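Trainee: I would like to learn how to read this model feature by feature. Please take me through it.

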Amino acid sequence: MAYNPKVNGSFRKQQQYHEDKPKIKNFTPRVPQWQKIDEEISELTAKYNKIDPSSIESFTDFPLSRKTLNGLKNCGYSAPTDIQREAIGVSLQGRDVLGAAKTGSGKTLAFLIPILECLYRSKWTLNDGLGVLIISPTRELAYQTFEILKKIGQYHDFSAGLIIGGKDLRDERDRISRTNIIVCTPGRLLQHLDETSNFNCDNLKMFGRINESTQSITDFTFYIVVSVLDEADRILDMGFADTMKSIIENLPSERQTLLFSATQTRSVRDLALLSLTKPVYVSVHENSLTSTPATLTQSYIVCEISQKISIIWSFIKNHLKSKMLIFLQSCKQVKYLNDVVCKLRPGLPVLALYGSLNQLKRMSVYDTFCRKQYACLFATDIAARGLDFPAVDWVIQYDCPPDANTYIHRVGRTARFEKGGEALLLLTEREERGMIKQLEDKKVPLNKIEVNPNYIHDLTPKLQALCAQYQELKEEAKRAFTSYLRSLVLMGNRRVFDVHSLNTDQLALSLGLVTTPKVRFLKKRLAQQEKKQEKLTTSQDNDHPMPVNQRRTAAEQISLIEFNADEGNDELFTIKRTEKYDDTPHINSAQLDKSNDIVARPKRDRLSKVKLAKKLKKKNLLINSRVQYDDDGNPINQSVNESNMELERGQSDDEIYNVEKAKERLRKIDEMDKELYREHVKQKHQVRRIKEKEVKRQKQQRDKQNESSSATDEEDTHDTINIEETSLENNKYEQEESNISDDIGFQPKKVEIDNDDGAERVVTKTKLKRKHNELLSIDTPKSLANKRTKKSLRKVGNDSTTINDDEQLALYFLSK
Ligand SMILES: Nc1ncnc2c1ncn2[C@@H]1O[C@H](COP(=O)(O)OP(=O)(O)OP(=O)(O)O)[C@@H](O)[C@H]1O
């Protein structure tokens, strides 16, 4: 082998290297991953009880897992906000939490961080199924929360799913049982709980609670769920309360519950519904001078209702370099204003977000508005809570909010996380009187401003022209008009919202409608109120005769009735939302620990069916009686009803409600029915036989006449053929009739020959049927007896008499 200095040289070097190194290497075994995780978990849990919120400056000061800290760092979150500092510690300790902080203060992370930690600590895997439920009031908010969860939880191995309406249910069903964290809306969650067979919350396994004696997390044997209610007060509001109740029934009783909102609920009823265990109330801005962000400038304008649309149009035209969110009360108003403003081309992107929009469109509008620098978004209250649209400059409330809480959430879409923003509220005079007081009570600082009339561009003529040009737009305007009035009626607070004080003609005109649409529900409502007022006056006159000067005026009484509607007396409409914050008892922080003792209000007993039936019977009302009528409007089957009554009469309650007796009674009625039916069939056959005989006889007569006559001209032959065909058809038709068809759309003609003058008459199937029914309806015992006698007479008589008798009998029946 030839010498290669390069190779040989390097070989020598290698040899030298190996000779220098010690021959036996010290082997230190690698620590397995699971052991590292175990060590980290025990290290973290040991620190939970030592968390001191006041000393925390960065997220790394919390005992959080490396994966969570990395996720937070990646998203640019380093220092916690006030609510995060206060709430994360207690949540990690396994306590139920009621978290309250101003809008845009970072409540979302305050519950997302503990839930990730809690799953990590219990070594949750994909196979363990559902561990955490996050419930949001709107689809957009659920979507937004899901997106943040994905970002901060990117280093964890948990599965998360977004369960909201408007998405493919089957797809959700397939994956739901394998999902660890579900972010959902209440309705859709309940649908899955009801319909998805492999989805239940029974075997939710979660981290342990604080051990009462040692004050440390030692007990890992509990099976519990962490449920998070974002915008808790809204979710527990009247619209969702029933759904939430059903959801909570499906959750295990051992669970940790976190509730967050800018306007936190402390109503006893809500807390009883959730059955919280010694909840901790975390409110970081309770002592703040205002309940809205300090960086938010708020003002309001008082104007006529008819001026609103022109003011908004002028505002948009003057703020083309802004991002604005305009709130309206109903979907139809949003749709109309959006369409109108789009048609008028203001010079910036115009969007609309409302509940009746399809899900894909909703998502795309949400994304578009997030991305745009300058845009105008018309929206209903689905955009009022929790949505974190970046850099919104203006929030305008075109319609007065239903209550102060809704106001706070609406304006909270701007001035988020220490950024600036402005809010403008449009009010009518009446709304100003009622609403401003409420807002002041809630610590909302507002300035009244005047609008320079020179800046208002009157939009009415343009709208009228548009409505005249586009029929569809006109219809939309009508719908917007009606839905606004309806929304006013549905508002709980009658001191602020009075539909009858509105000038509806002016409102319609301002929307571009020349004539005011008729609103039936308003008329009905007025009539109801008048009735009530009359009753009130008469009862006052009768019960408490009062001097005239002390009696209430009609207007006062109407408003009194309206206020009564606040208490749920409104019969025509149901109140959508009540101001429960004012009328339900509240619970303070000190009392929260005792909230377990709260007892749900007992339900009123309902009348059972038997009790109801007995009550009706006492009043001599016949239960489930039905009277049927024939074509001429005469009652039929009366005999059965009567016999029912006969049977029931004279029996004691025990006999009537005895099942065996009832069965016996039904059997008797059945027998009677069968007997009647047999009689009917007999009559039917009898009549058909008579008719056949009659036709046969007529044919024979004609044959005889034909034979005897010498006339053989074509016309006569033709006639005969016609008649023969007709009679054949008659037979055919009778065959059909005997089958009693229900096909009323098809009416074959029947030619009937008048016995007196031999003329042909066209009879429709309906007429025939009626006649047939008439024949069948001869079911009185007397007529039956007559028929039987005639039949027996025919039997004993000779042939010729039989024919005559039959003919007479047939005529008798036909003339009936
Ligand atoms: N620790 C933090 N550091 C920096 N930014 C944060 C922090 N926490 C939250 N934010 C930002 O603050 C903004 C508002 O947060 P979030 O939506 O959680 O507020 P919120 O209190 O839930 O508001 P709302 O009451 O309207 O629901 C978001 O843009 C979020 O990214």
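Trainee: Is Leu522 buried, exposed or partly exposed?

Mentor: Start with the rule. A residue is buried if 20 or more other C-beta atoms lie within 10 Å of its own, exposed if 12 or fewer, and partly exposed in between; the C-beta atoms are placed from the backbone. Leu522 has 19 other C-beta atoms within 10 Å, so it is partly exposed. Two notes before we go on. The model is predicted: local features need pLDDT of at least 70, side-chain atom pairs count only at pLDDT 80 or more, and totals for chains, interfaces and linings use all residues. Residues are numbered from 1 along each chain as its sequence is written.

Trainee: Where does Leu522 lie, and which residues does it touch, not counting residues up to four places away in sequence?

Mentor: Helices (H or I, at least four residues) and strands (E, at least two) are DSSP runs, numbered from the N terminus. Leu522 lies in helix α20, residues 520-543. For touching, the rule is that two residues are in contact if their C-beta atoms, placed from the backbone, lie within 7 Å. Leu522 touches Leu485 and Val499, leaving out residues up to four places away in sequence. Leu522 and Val499 are 23 residues apart in sequence, yet 8.5 Å apart in space, C-alpha to C-alpha.

Trainee: How many helices and strands are in the chain?

Mentor: The chain has 31 helices and 18 strands. Of its 816 residues, 31% are buried. Take the contacts with a separation of 6 or more: 74% of them join residues 24 or more positions apart.

Trainee: Which residues touch the most other members of the largest nonpolar core?

Mentor: A nonpolar core is a set of buried Ala, Val, Leu, Ile, Met, Phe, Trp, Tyr and Cys residues joined through C-beta atoms within 7 Å. Here the largest one has 128 residues, and Ile115, Val183, Cys184, Leu325, Ile326 and Ala379 touch the most other members. Helix α5 gives the most to this core, with 10 residues. Domain 1 (34-212 + 219-282) and domain 2 (296-478) both give residues to this core, so it lies between them. Those domain bounds come from an automatic or database domain assignment. As for Ala379, it touches Leu325, Phe327, Val334, Leu353 and Tyr354, not counting residues up to four places away in sequence.

Trainee: Which residues are the closest to the ligand?

Mentor: A residue is near a molecule or strand if its C-beta atom, placed from the backbone, lies within 6 Å of it. By that rule 19 residues surround the ligand, and the closest are Gly106, Lys107, Thr108, Gly386 and Phe417. Helix α5 (residues 107-121) gives the most to this shell, with three residues. Both domain 1 and domain 2 give residues to the shell, so the ligand lies between them.

Trainee: How many residues of the shell are nonpolar, polar and charged?

Mentor: Ala, Val, Leu, Ile, Met, Phe, Trp, Tyr, Cys and Pro count as nonpolar; Asp, Glu, Lys and Arg as charged; the others, Gly among them, as polar. The shell divides into seven nonpolar, nine polar and three charged residues.

Trainee: What is the phi of Phe417?

Mentor: Most residues other than glycine have a negative phi. Phe417 has a positive one, near 45°. Phe417 sits in the loop between α15 and β13. With 12 other C-beta atoms within 10 Å, Phe417 is exposed. Ala415 also has a positive phi, about 55°, although it is not a glycine. Ala415 is in the loop between α15 (404-411) and β13 (421-427). Ala415 is buried, with 25 other C-beta atoms within 10 Å.

Trainee: Is Val90 buried or exposed?

Mentor: Val90 has 22 C-beta neighbours inside 10 Å, so it counts as buried. Val90 lies in helix α4, residues 82-92. Leaving aside neighbours within four places in sequence, Val90 is in contact with Arg95, Val97, Val280 and Val282. Val90 and Pro279 are 189 residues apart in sequence, but 9.8 Å apart in space, C-alpha to C-alpha.
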